[in-house]
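The sequence and structure come next.

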Amino acid sequence: MKKLTGLQKQVLGLYRGFLRAARSKGPEDRKKIESYVSSEFRNNAKNVERKNFIYIEYLLRRGTKQLDQLKIVETVSTFTIPSRSSN
């Protein structure tokens, strides 16, 4: 198994942090948060070049701020979770 870089460890730590924070929310909000976080991380994994360290570090800082806000008990989510219903 290949060793992870420091940046990869930070990304995985942030992902795990979001999943832990989602556990403190209600079941419906938890599902929405987990789904949104999973799709965002997958989307960025596909679309962001691995060598684009500046942008990856920016995403990490932004994600860390969002996670800090999500950890606040009264907060349901720090980002708009798009509804899947058709308009």
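At 25% relative accessibility, Tyr15 counts as partly exposed; buried means under 20% relative accessible area, exposed over 50%, and partly exposed in between (1.4 Å probe, protein chains only). Phe41 is also partly exposed, its relative accessible area being 22%.

The model is predicted, so local features need pLDDT of at least 70 and side-chain atom pairs count only at pLDDT 80 or more, while totals for chains, interfaces and linings use all residues. Residues are numbered from 1 along each chain as its sequence is written, and side-chain values use heavy atoms, with hydrogens and water left out.

Rings of Phe, Tyr and Trp (its six-membered ring) pair if their centres lie within 6.5 Å; planes under 30 degrees apart count as stacked, over 60 as edge-to-face and the rest as tilted. By this rule there are three aromatic pairs. In one of them, the ring centres of Tyr15 and Phe41 are 5.0 Å apart and the planes stand at 70°, so the pair is edge-to-face. Because Tyr15 lies in helix 1 (residues 6-23) and Phe41 in helix 2 (residues 27-47), this pair ties together parts that are 26 residues apart in sequence. Helices (H or I, at least four residues) are DSSP runs, numbered from the N terminus.

Phe41 also forms an edge-to-face pair with Phe18, at 6.4 Å centre to centre and 70° between the planes. Phe18 lies in helix 1 and Phe41 in helix 2, so this contact ties together parts 23 residues apart in sequence. Phe18 counts as buried, at 3% relative accessibility.

Conventions
Helix = DSSP H or I, 4+ residues; strand = E, 2+ residues; numbered from the N terminus.
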